[in-house]
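Please open the model in your viewer and keep the sequence panel at hand.

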Amino acid sequence: MPIKVLIPTPLRPFTNQQSVVQADGQTVGEVLRSLTGAHGELAPHLFGNDGKLRSFVNIYLNDEDIRYLDKERTPVGATDTVSIVPSVAGGTSVLEAPVDELPALTASEVQRYSRHLIMPEVGVDGQRRLKAAKVLCVGAGGLGSPSSLYLAAAGVGTIGLVDFDKVDVSNLQRQILYSTADVGTSKLAAASARLKGLNPEVNVVMHETALTSANALEIFRQYDIVVDGADNFPTRYLVNDACVLTGKPNVYGSIFRFDGQASVFAAPGGPCYRCLYPEPPPPGLVPSCAEGGVLGVLPGIVGTIQAAEAIKLIIGAGESLAGRLLLFDALQMSFRTLKLHRDPACPVCGDAPTIKALIDYEQFCGITPATRAGAAPALPPEFETTVDELKARIDRGDDIWILDVREKTEYDICRIPGSTLIPLGELGKRIEELPQGPGAPEIIVHCKMGGRSAKAVAQLRERGFTRLKNVKGGILAWIDKVDPTQSKY
Ligand SMILES: [Zn+2]
């Protein structure tokens, strides 16, 4: 019984450019075998050497992924349609230009890329694809530094960078695009100079702006691939949705302390970031690298993986991370991959998407002006004090007890003399360590900037403490106004 099989564009060279082919069989597996019997060159694109369907090829019977039916044993009928949905890669490049339209290599490029040219997976045509490719790096920070450096070194013809920050000295622990001399200058100006210095053959395009719902689609349309080096959830969801809506693969990377993740989202037929994480975590629940720290070399590893994935997508080599989530643990020095499925109910890449235009991502992630300020509770004015008042009371020898609710690692960097450290998270179970009862000294609470200590004061008020004050501006204000010999962080 002949069954209709839909052939995707990248595989049509192996079916004489036919988009629909008839093949016989009682099951999906039989149909695919008779298809590859008639079109032999198709076989290696669908089946591995072990005879199994390749993991990056999804087969659909009508609208259903056969992995959720009876796999290759799924029976087929005369009115059914079998669709082949390959993830990008596996022999096909995301670039649509035919080889004869790719730019030629100059003599100096042949010399520069000689280690690529002698590899069969790249070769002259692969290097010409790299030269034709346009890759956008969202964020020129920890992840954007190694990814853009390696993409430039590899000869990706056009590299776009989106960022609007200035270089801060605390960036240099991991953001290897920048040098100490760049501190205080525009990141993009410094990045562009560094990338052009590494490889003058590449074109660096600077988008010195915040990526927003108003400009993302217009910017993404100018590129073939987007490398996501965002450091916040609103931008991650914005990048994902804009990639799905413009049809650009999203090479994802994320980092926290010692843990990294990478994947390729929004590739044809593959899952997107929302299929994996439909909802963002509530604001404040997952700390950012600015709050929780990150091992400096970690973005080097994850950003380099992102560059490798982008290059594979361009030259059409190997199996991309589409449909897989790579988990890296630098403490264990271990890599694991988990399988990901496209969620047919996904609001952006699902079968009946409800998100067809970009939305307000700050609102989607629950970010309000109050949460942006660290969700510190507003205290009545009688519970607030300043670093100047605190200094005067210490000098007068007032009966006060100074409580520091930061973490031990922060206390080791700088502290107010005479303070007692009890991190905010331990306050509830260490309450008996606080002075209590008639005649007890007043408790002066501080943290880094005043947010956590305001929470501590609110907690202690609930516990019945009344003689309390929160130090506005925290220890950073103390260092600015009282003791500039200590180090800020
Ligand atoms: Zn999705």
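How many helices and strands are there in the protein chain? The chain holds 18 helices and 18 strands. Please bear in mind throughout that this is a predicted model.

**The whole chain**

Begin with the entire protein chain in view. Along its principal axes, the C-alpha trace spans about 95 × 55 × 40 Å. Of the 489 residues, 39% are buried. Among contacts between residues at least 6 apart in sequence, 67% join residues at least 24 apart.

Next, colour the chain by domain. The domain assignment gives domain 1 as 2-86, domain 2 as 99-372 and domain 3 as 381-481. Between domain 1 and domain 2, the C-alpha centres are 32 Å apart.

**A loop with a positive phi**

Select Lys 71, which belongs to the loop between β4 (64-65) and β5 (81-86). Its phi is near 50°, a positive value in a residue other than glycine.

Now select residues 144-154, which form helix α6. Of its 11 residues, 9 are buried, so the helix is largely enclosed by the rest of the structure. The buried residues of α6 include Gly 144, Pro 146, Leu 149, Leu 151 and Ala 154. To see what surrounds them, display α5 (123-132), β6 (134-138), β7 (158-162), α7 (187-198), β9 (225-228) and α12 (298-315), against which the buried residues of α6 pack. Step past the end of the helix to Gly 155, which follows α6 and has a positive phi, near 95°.

**The largest nonpolar core**

Which residues touch the most other members of the largest nonpolar core? Select Val 135, Leu 136, Val 226 and Ala 310, which hold that position in a core of 74 residues. Helix α12 gives the most to this core, with 9 residues. Centre the view on Leu 136: leaving aside residues up to four places away in sequence, Leu 136 touches Gly 160, Val 162, Ile 219, Phe 220, Tyr 223, Val 226 and Val 227. In soluble globular proteins, nonpolar side chains tend to be buried together.

Move to Arg 257, found in the loop between β10 (250-256) and β11 (259-265). This residue, other than glycine, has a positive phi near 55°. Arg 257 is partly exposed, with 14 other C-beta atoms within 10 Å.

**The five-stranded sheet**

Finally, display the open sheet of 5 strands, ordered β14-β18-β17-β15-β16 with parallel pairing. Which strands form its edges? They are β14 (384-385) and β16 (420-421), each pairing on one side only.

Within the sheet, select β17 (residues 442-446) and β18 (residues 468-471), which run parallel and are joined by 3 bridges. Val 445 stands opposite Asn 470 in β18.

To finish, select Ile 444, Leu 468, Val 471 and Ile 475, which are among the members of a second, separate core of 20 residues.

Conventions
Residues numbered from 1 in each chain as written. Predicted model: local features only at pLDDT ≥ 70, side-chain atom pairs only at ≥ 80, totals over all residues. Pairing = 2+ DSSP bridges. Helix = DSSP H or I, 4+ residues; strand = E, 2+ residues; numbered from the N terminus. Domains from an automatic or database assignment. Buried ≥ 20, exposed ≤ 12 C-beta atoms within 10 Å, placed from the backbone. Contact = placed C-beta atoms within 7 Å. Core = buried A, V, L, I, M, F, W, Y, C linked by C-beta atoms within 7 Å.
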